[in-house]
Amino acid sequence: MSTDGIRMDRRVFLKLSGMTGLAWLTSGFYQVDGCGSGEDDYASLDPTDPANFTRALRLPGQDGLMGVLTPTGALEVTAATATVSLIEGYDTTLWAYQTTSGARSYINPSIYLRQGDSLAVNLVNGLNEDTILHWHGLDVDWRQDGNPSYQIQPGESYAYSFGIRNRGGTYWYHPHPHMMTAEQAYRGLSGLMIVEDDDDVALRSALNLTFGQTDIPLVLQDKRLDSQNQLAYTPDSMEEFDGYLGDISFVNMTVNPLLEVATRIYRLRILNGSNARILRLAFTKGDQAITFSVIGTDGGLLERAYQAREVFLSPAERVDVLLDLSSLQPGDEVFLRTLQFDAMDVMSMRMASERNTSGSKTSAATHLEQGEPYYLLKLAVTQQVTQPAAVPSSLSTVRRLDTTGATVRPITLSSLPNSMTFTINGQTYDMDAFPVQVTRGSVEVWEVSNQVGRNLSSMAHPLHIHGALFQVIDRQGSPAQTADQVVDSAGRFATDLGWKDTVLVWPGETVRLAMDFTNAYPGEQNLMLHCHILEHEDAGMMLNYKIV
Ligand SMILES: [Cu+2]
């Protein structure tokens, strides 16, 4: 498929054209520094250099950015600009969700709830453009789901009120306005929602976990900072097609962070909050991979822990892991990193030297392409403790969907021929069209295939489905680079073994999903399925569907 004259595999191309970038570097053509100071040197922020991991990881505290908020009543949440310090000596403007509760103020609060609780939020639009908020992964009435047909104008508000029906798990909220989701999320609008159920309480008790200390959310994002350390969102036409990638790695909005840890088990709830970057996550000590346990996915805990050495995590997906550091010694260092992989994107190419680096500290030569390896988080062992606790053999119950006799519905991810437009079932988003209708209470098999072929562009797409959690039945045609992650004869990965709301489908791959259209809300439910590469979503790689 890479022999088609005008197209070739991007990674191969970049390797071939590497000299171009080098020549640019040595010729002195480099990102122009607007203020002429040396402080915004990219080298000190480059996540491929482990020596740069020195900033204390932001942990969700009692208030402020990511502060843990257990609502005691209705919240008034304003989407507006906020100023935070991301790089020493600079203020950076975010677009963020802001609220107060009691005497405390929060920016993008980590909303912490029990299964069965209720949540009431009045969203106020303090931006200069339309917005609406989507509760990603939550089982809510479609009018509460952040549908773009309900987006609000500047100064307007939208009242949400719903019960928490989901299993315990790591969910999140982010904008979902028509064609403006990517920029709003990139500029900072997103937050976590932690739901706890009895199984979580049992695990917390068994492992003596404390949220924010030994049970830690890790929100992974890549962004660009300009010479004034402001977030720039300046995609060129190519990036509107294949996604906007950053050169600077953030975890919990901390650049190149360091976390001091003890010799014990940690629960890490990892969210890929990037616009477009897929991660191949591994923990390493030196060059050795450290085995970890996958215990949860988008929709909560698995039935048991699965040992893994790496997992792919695409935008919007969550993976919940246990990392056992009890055999390490003070002084040891472990890195969470993303390993190299083949992005498998086949499309019309441009010269590497034409890489858009506007709003970035980097040049085309140091731009981090999709699939390039870099470090994410340094774990420095500083404390020796004794932890007799062991991981419980049973974590939860995952009710298996029965697909006997179920309707099989093909869902094809593809592109328009010879075009820079990605499609679902050959279509792009039409707010008034409902090309898919399903019956309330039914189970369907959605056969999601990512097409490759002559005259077609192809990429890996994370498909997100609103209003219905699903289970992966099997994978066929998966690329060789995923082979080490397969755990069963159905070709599934450990991250496929629980409830999901987003699934990565590689070029040439077919992933069959058992869709659960149990829906307790009155009237027709107008929902969406879309690619969670946010630039793809905004460009129309989205369809409405209806539960009737
Ligand atoms: Cu996509």
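Mentor: A pocket, on a 1 Å grid over the protein atoms alone, is an open set of points with protein on both sides within 12 Å along at least five of seven lines, whereas a cavity is a set where a 1.4 Å probe fits but cannot get out. Lining residues have an atom within 4 Å of a point. The model is predicted, with local features needing pLDDT of at least 70 and side-chain atom pairs pLDDT 80 or more, while totals for chains, interfaces and linings use all residues. Residues are numbered from 1 along each chain as its sequence is written, and side-chain values use heavy atoms, without hydrogens and water.

Trainee: How much space lies in the largest pocket, and what makes that a volume?

Mentor: About 430 Å³. Grid points are joined across faces, edges and corners, and the volume is the space filled by probe spheres set on them.

Trainee: Which residues lie nearest the centre of the largest pocket?

Mentor: Asp139, Arg399, Leu469, Trp499 and Asp516, out of 24 lining residues. Strand 10 (133-136) and strand 32 (461-465) each give at least two residues to that lining; a strand here is a DSSP run of E with at least two residues, numbered from the N terminus.

Trainee: How do you know the class make-up of the lining of the largest pocket?

Mentor: Ala, Val, Leu, Ile, Met, Phe, Trp, Tyr, Cys and Pro count as nonpolar, Asp, Glu, Lys and Arg as charged, and the others, Gly among them, as polar. On that basis the largest pocket is lined by eight nonpolar, nine polar and seven charged residues.

Trainee: How many cavities of 30 Å³ or more are there?

Mentor: Eight. The largest cavity holds about 150 Å³, and its 14 lining residues include Met66, Asn108, Ser190, Gly191 and Val219, which lie nearest its centre. Strand 13 (191-196) and strand 14 (215-223) each supply at least two residues of this lining. By class, the lining of the largest cavity has seven nonpolar, seven polar and no charged residues.

Trainee: What volume does the second largest cavity have, and which residues line it?

Mentor: The second largest cavity has about 100 Å³. Among its lining residues are Phe312, Arg318, Arg475, Asp496, Lys500 and Trp506. Strand 23 (311-313) and strand 34 (502-505) are the elements that give two or more residues to the lining of the second largest cavity. That lining has six nonpolar, one polar and five charged residues by class.

Trainee: What makes a residue a donor of the copper ion?

Mentor: A donor is an N, O or S atom within 2.8 Å of the metal (3.2 Å for Na, K and Ca). His461 (ND1), Cys531 (SG) and His536 (ND1) coordinate the copper ion at 2.0 to 2.1 Å, so these atoms meet the 2.8 Å limit. Water is not among the atoms, so the site may look incomplete. The spacing of the donor residues in sequence is H-x69-C-x4-H.

Trainee: Are Cys531 and His536 buried or exposed?

Mentor: Both are buried, which means under 20% relative accessible area, with exposed over 50% and partly exposed in between (1.4 Å probe, protein chains only).

Trainee: Why is strand 8 called largely enclosed?

Mentor: Strand 8 (residues 110-114) has four of its five residues buried, so the rest of the structure largely encloses it. Two bridges join strand 4 (residues 68-69) to strand 8 in parallel, which makes a pair, since DSSP has to find at least two bridges between two strands. Val68 has Ser110 in strand 8 as its bridge partner. Four bridges join strand 8 to strand 13, also running parallel, and Arg114 is partnered by Glu196 in strand 13.

Trainee: What makes strand 29 and strand 33 edge strands?

Mentor: Five strands form an open sheet of mixed pairing, in the order 29-28-31-35-33. Strand 29 (422-424) and strand 33 (470-476) each pair on one side only. Within the sheet, seven bridges join strand 31 (residues 443-450) to strand 35 (residues 510-516), which run antiparallel, and Trp446 stands opposite Leu513 in strand 35.

Trainee: What is the phi of Asn252, and what is that of Asn418?

Mentor: Most residues other than glycine have a negative phi. Asn252 has a positive phi near 50°, and Asn418 has a positive phi of about 50°. Asn252 sits in the loop between strand 15 (248-251) and strand 16 (254-255), and Asn418 in the loop between strand 28 (407-415) and strand 29.

Trainee: How do you know whether Asn252 and Asn418 are buried or exposed?

Mentor: By relative accessible area: Asn252 has 0% and is buried, while Asn418, at 58%, counts as exposed.
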